[in-house]
Amino acid sequence: MAHGDTTGDFEKSPGWLDWYDGPSTPAFTLPEGAVDAHCHVFGPGGQFPYAPERKYTPCDASADQLFALRDQLGFERNVIVQATCHGADNRALVDALQRSNGRARGVATVRRDVTAEQLAELHAAGVRGVRFNFVKRLVDRVPTDSLEEIVAKIAPLGWHVVIYFEAEDLPELYGFFSSIPTDVVVDHMGRPDVTKDPDGPEFALFLQFMRENPNVWTKVSCPERLSVTGPRALDGEQHAYTDVVPFARRVVEEFPGRVLWGTDWPHPNLKDHMPDDGLLVDYIPRIATTPELQRQLLVENPRRLYWPESLNTQGA
Ligand SMILES: O=C(O)/C=C(\CC(=O)C(=O)O)C(=O)O
């Protein structure tokens with residue numbers, strides 16, 4: 001369904017695909033307490049304007065719409081990640097966290113001049129991390145000394161750093177990423193080229209990065225973004241994105257305690273189709289094949305990072 005061409009004073013980027021309205025109820029029953037650990041809120045633009053420096057203008061995707069999806073799919077909680085279309089203006093994120101009744105935590109974007117007071121306010125709202133984006137079509141590159149300054153400011157709060165990059169850029173960024181002292185969460189497995197061999201050198205470098213750095217976690221999310229051959233999660237398809245499965249399954253099985261999963265709703269910048277989020281949930285048991293792996297991926301791991309106070313076992 002189209003959600004309108006304008007949002008407040010903003011016109012959506014040409015060719016923008018709106019999120020899928022009326023997703024199916026998943027066939028896979030999520031474990032109790034499951035967390036959608038990667039999703040976004042956009043605007044509404046009339047209330048929370050998009051950032052002047054943005055590289056795309058999305059359709060609105062409000063907190064209420066996100067919470068309705070959460071309930072429909074059977075998740076208990078969300079981790080809402082600041083997207084580049086809102087720059088370092090975290091107001092839409094903070095508003096969503098505050099209206100979630102403690103059922104959402106957040107990852108913000110901040111600049112090097114962020115103050116301790118601003119960070120304390122974000123923490124009180126439920127922010128637990130910052131995101132550094134290195135995807136060239138989304139942002140202008142921020143120098144690493146600025147990022148190091150930010151890390152020094154957020155580390156005392158117990159926050160972590162979410163990094164988003166493409167596989168071809170890992171060799172250049174490997175040293176900087178390995179130097180980050182906090183926990184680090186890699187979005188979408190570092191965006192592997194899934195036409196390549198999962199046993200080949202490109203993905204081997206990513207696996208090596210995770211092996212060498214026990215503070216590094218990853219989201220085994222976004223098959224709809226990584227897949228080349230599909231099939232797409234539409235029309236009841238129960239075997240969607242088969243080409244991504246070997247990559248995600250490999251990571252889940254080698255690092256079961258350091259993986260997260262999220263819908264990526266509302267799926268910004270997809271070009272050729274918009275997935276049915278219910279069918280995306282049905283992809284999960286193909287990459288986390290046992291109830292124990294599913295519980296770690298969906299419940300225990302996200303709680304350790306985002307709701308550690310809810311765990312009563314030490315070092316769980
Ligand atoms: O939602 C995602 O994970 C991916 C995005 C958008 C994004 O990250 C952003 O705007 O910050 C993408 O690949 O276009």
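Mentor: Let us begin with threonine 84: an N or O atom of its side chain lies 2.6 Å from an oxygen atom of the ligand, a polar contact being a pair of N or O atoms within 3.5 Å. The model is a predicted one, in which local features need pLDDT of at least 70 and side-chain atom pairs count only at pLDDT 80 or more, while totals for chains, interfaces and linings use all residues. Residues are numbered from 1 along each chain as its sequence is written, and side-chain values use heavy atoms, with hydrogens and water left out.

For asparagine 269, a polar side-chain atom is found 2.8 Å from an oxygen atom of the ligand. Of the 350 Å² of accessible area that the ligand has on its own, the protein covers 100% (Shrake-Rupley method, 1.4 Å probe).

The ligand sits in the largest cavity. Here a cavity is a set of points, on a 1 Å grid over the protein atoms alone, where a 1.4 Å probe fits but cannot get out; a molecule sits in it if more than half of its atoms lie within 2 Å of its grid points.

In total, 16 residues surround the ligand, each with a heavy atom within 4 Å of it. The closest are His40, Tyr56, Thr84, Tyr164 and His188. By class, the shell comprises five nonpolar, six polar and five charged residues (Ala, Val, Leu, Ile, Met, Phe, Trp, Tyr, Cys and Pro count as nonpolar, Asp, Glu, Lys and Arg as charged, and the others, Gly among them, as polar).

Most residues other than glycine have a negative phi. Histidine 188, although not a glycine, has a positive phi of about 55°. Histidine 188 belongs to the loop between strand 8 (184–186) and helix 6 (201–212); helices (H or I, at least four residues) and strands (E, at least two) are DSSP runs, numbered from the N terminus.

A further backbone feature concerns glycine 43 and proline 44, which are joined by a cis peptide bond with omega about 0°. Proline 44 is located in the loop between strand 3 (35–39) and helix 1 (63–73).

Methods: A polar contact is a pair of N or O atoms within 3.5 Å; within protein, one must be able to donate a hydrogen and the other to accept it, and residues adjacent in sequence count only if both atoms are side-chain atoms. On a 1 Å grid over the protein atoms alone, a cavity is a set of points where a 1.4 Å probe fits but cannot get out, and a pocket is an open set with protein on both sides within 12 Å along at least five of seven lines; lining residues have an atom within 4 Å of a point.
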